[in-house]
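This briefing sets out computed features of one protein chain, grouped by topic, for a reader who has the sequence and the coordinates at hand. Please keep the structure open while reading.

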Amino acid sequence: MKKSFPIVGMHCASCAKLIERSLSKVPGVTGASVNYGSESATVEVDENKVKDKDLESAVTNIGYKAVFADTNSNKTPDEIKEETKEKEVKKLKVKVVVSGILASIIFLGSFPELFGFSLNPFILLALATPVQFWAGREFYLATWSGLKNRAASMDTLIAIGTTAAYGYSITSLLGLSKGMYFDTAAVIVALILLGRFLEAKAKSHTSDAIKKLLGLQAKTARVIRDGNEIDIPLADVEAGDLLRVRPGEKVPVDGVISEGESSIDESMITGESIPVDKSVGMTVIGSTINRTGSFIFKATKVGQETMLARIVDMVKDAQSSRAPIQRLADLISSYFVPIVLMLAVATFVVWYAFGFPVAAFVNLVAVLIIACPCAMGLATPTAVMVGTGKGAERGILIKDASSLETAHKIKTIIFDKTGTLTQGKPVVTDVTDTKTLSIAGSLEQGSEHSLGEAILNYAKAKKVSFLKVKSFKSITGRGIEGVINGKKYFFGKVETKNDEIKSLEEQGKTVMGLIGDSKLLGYIAVADTLKNGVADVITKLNKKGIETWMVTGDNERTAKAIARQAGIKNILSEVLPDEKAAKVREFKSVAFVGDGVNDAPALAAADIGIAMGTGTDVAIESAGITLLNKDFGSILSAIELSKGTMRIIKQNLFWAFGYNVILIPVAALGLLNPMFAAFAMAASSISVLGNSLRLRGIKI
């Protein structure tokens, strides 16, 4: 069983690794993954052996906080997490202000040659002590926790660096050495706390998409019980309840209309701005907005089973997942802190050996402070969070970070025909005359064939008059016949075909002829037509160098006709449903686009499966990307979103790695003041966050 929960208190990728290690040691946990960017943990557990308390203890024992649902307050883990983080940010703000003021006074009083006044060393000690041990308390707690678990994090580097500066200043105060660095220790603590505060504010925006989705939920529902309509909290709605929705109200949960009709704005799910007309028997989605009529519907899915809840869960899972590109950053981060500690010691030893003890100490501190790997830990997850959130806002639901990374690498896309490229239901395309439509429509009233339903619906739309039919008979595999006004008619497969019928069949259409007195009186052509915009999307994909294929169970002639209309040059015809997955596996760097239950194996077999939102739950579960907005053009949008996100991730990683590679040697050579190192370290993390947030403005 997979379980996800928020974590509070992480400061870097090393913290995430430490929590991961602790959770993995819990008996019954078979796998653990902690994401620093989304501040969450995902574990694979044996639910019979592992309780929430076990996981909570494993996290609490190493100095962090795992958040689970509070049964007393009915609050969700995310709500508790937000409240906890809000309190922490308020405390952090106080520490930033106080340490900033004290550090400024210490800094000004330490350079009389620059500012014209100096402070007594004991006053500097008195001002620096609360900054070091009150404002910087978390650094020491995290360091102690790390030492107990034989691990080091960025807090370890900060604690060692600032303690060294503070301790050296005390030895100077006692006359045991020369030079005081209370200003260095205080300014470093103040700047790092400021960086963390700004980082926390910026990170809150990476989950804006989730907050928007959660904000769409209705708060109450009007339920009909014992003939009375009463308003109840949304959490009290049960499957099977009858609910009333009035104009302007939100639909509270998913269900099926049992009385009335309306026009519903489903843009929050699909991204489609045009309201959808709904009547008895049609499904409605929770949190969509009822525009015009009043209706009653039966609740079918409530709580975590609703479409919105599932979307929120899938977006959360995607934001918590790791992209393959992140593995490199994680690997480097795991070795980074120990290597930096060795480099810092080496810097001190070399400078000291050359007879520069003060410079040795200062450069030691600079190396420790500049090398904190925060930016590396934030580079990938923050971009993934913003990218998946952006997709969700546009009706593009991305299952995990791997799918987001893979989408722009695709070289081939295979499209299922029915319901994906086409509308998925036959419609009348050609009719010889109104009389033929009237007679055929009259005969089809007694038929149950899907093509007959299409003709009947078309006839009703054209408002033709229906005639009374006697002696109706369905002839399996051929058509139907009946007597109208004393004359016998047959409507169905045409044996003798003229040039017009042959031309229509070459276009992939099914042609049925009306026969009377052994003569062809007219015909009606029916086809499953292409969706709007398909040909345009295929053209753009081909221009991008992506090879397009169509797979179908139809015969080659029909397949070629549809493919020609779509602009697809490659076809796989007469493929049985259970053969699709095997065909997909023959390709490399391939995406499969489908919508039906029989498409699920092919969606799972492809490097990335893309499910149309009109499809089945099974297809959507098997896909890496789901297009909830039903817009075929969103395939292009998903590819562009993937490309944009990966571009941002690469920029972030380049900056994060480059920053450390360049500035660590600069610090070791004595060219970087420790205070500037602290500023640069904080600026690095904030710049990575800011770069990730640029994805919110990407055009897809």
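This is a predicted model: local features need pLDDT of at least 70, side-chain atom pairs count only at pLDDT 80 or more; totals for chains, interfaces and linings use all residues.

The centres of domain 3 and domain 6, taken over C-alpha atoms, are separated by 39 Å.

**Domains**

- The domain assignment of the protein chain gives domain 1 as 2–63, domain 2 as 69–205 and domain 3 as 217–301.
- In that assignment, domain 4 is made up of 309–395 + 640–699 and domain 5 of 396–422 + 531–639, while domain 6 covers 424–529.

**Aromatic pairs**

- The structure holds 14 aromatic pairs, and among them is the pair of tyrosine 168 and tyrosine 181, whose ring centres are 5.9 Å apart with 55 degrees between the planes, a geometry that counts as tilted.
- Tyrosine 168 belongs to helix α7 (residues 154–173), whereas tyrosine 181 is found in the loop between α7 and α8 (182–203), so this pair ties together parts that are 13 residues apart in sequence.
- Tyrosine 168 and tyrosine 181 are both buried.
- Phenylalanine 415 and phenylalanine 632 form another pair, with ring centres 5.5 Å apart and planes at 35 degrees, so the pair is tilted.
- Because phenylalanine 415 lies in strand β15 (residues 412–416) and phenylalanine 632 in the loop between β26 (625–627) and α25 (634–668), this pair ties together parts that are 217 residues apart in sequence.
- Phenylalanine 415 has a relative accessible area of 0% and is therefore buried, and phenylalanine 632 also counts as buried, at 2% relative accessibility.
- Elsewhere, Phe133, Tyr140, Tyr166 and Phe182 are linked by ring pairs into a cluster.

**A charge over a ring**

- Lysine 95 lies over the face of tryptophan 134, at a distance of 5.8 Å from the ring centre.

**The second largest pocket**

- The second largest pocket contains about 920 Å³ of space, and of the 37 residues that line this pocket, Gly9, His11, Glu88, Glu138 and Arg196 are the closest to its centre.
- Helices α3 (77–109), α6 (137–148), α8 and α26 (674–693) each supply at least two residues of the lining, and the largest share, eight residues, comes from α3.
- Sorted by class, the lining of the second largest pocket consists of 17 nonpolar, eight polar and 12 charged residues.

**Residues compared along the chain and in space**

- Asparagine 542, in helix α20 (residues 534–543), has a relative accessible area of 33% and is therefore partly exposed.
- Between asparagine 542 and glycine 567 there are 25 residues of separation in sequence, and their C-alpha atoms are 9.2 Å apart in space.
- Isoleucine 414 has its place in strand β15, and with a relative accessible area of 1% this residue is buried.
- Isoleucine 414 and leucine 368 are 46 residues apart in sequence, and the distance between their C-alpha atoms is 52 Å.
- Lysine 468, which lies in the loop between α18 (450–461) and β17 (470–475), counts as exposed at 67% relative accessibility.
- The C-alpha atoms of lysine 468 and glutamine 445 are separated by 9.9 Å, and these residues are 23 apart along the chain.

**Positive phi values**

- Serine 471 has a phi near 50 degrees, which is a positive value in a residue other than glycine.
- Serine 471 is placed in strand β17 and is exposed, with a relative accessible area of 59%.
- Glutamate 574 has a phi near 55 degrees, again a positive value in a residue other than glycine.
- Glutamate 574 lies in the loop between β23 (570–572) and α22 (580–585) and is exposed, its relative accessible area being 53%.

Note on methods:
Residues are numbered from 1 along each chain as its sequence is written. Side-chain values use heavy atoms; hydrogens and water are left out. Rings of Phe, Tyr and Trp (its six-membered ring) pair if their centres lie within 6.5 Å; planes under 30 degrees apart count as stacked, over 60 as edge-to-face and the rest as tilted. Helices (H or I, at least four residues) and strands (E, at least two) are DSSP runs, numbered from the N terminus. Buried means under 20% relative accessible area, exposed over 50%, partly exposed in between (1.4 Å probe, protein chains only). A charge sits over a ring if NZ of Lys or CZ of Arg is within 6 Å of the ring centre and within 35 degrees of the ring normal. On a 1 Å grid over the protein atoms alone, a cavity is a set of points where a 1.4 Å probe fits but cannot get out, and a pocket is an open set with protein on both sides within 12 Å along at least five of seven lines; lining residues have an atom within 4 Å of a point. Grid points are joined across faces, edges and corners, and a volume is the space filled by probe spheres set on the points. Ala, Val, Leu, Ile, Met, Phe, Trp, Tyr, Cys and Pro count as nonpolar, Asp, Glu, Lys and Arg as charged, and the others, Gly among them, as polar. Domain bounds come from an automatic or database domain assignment.
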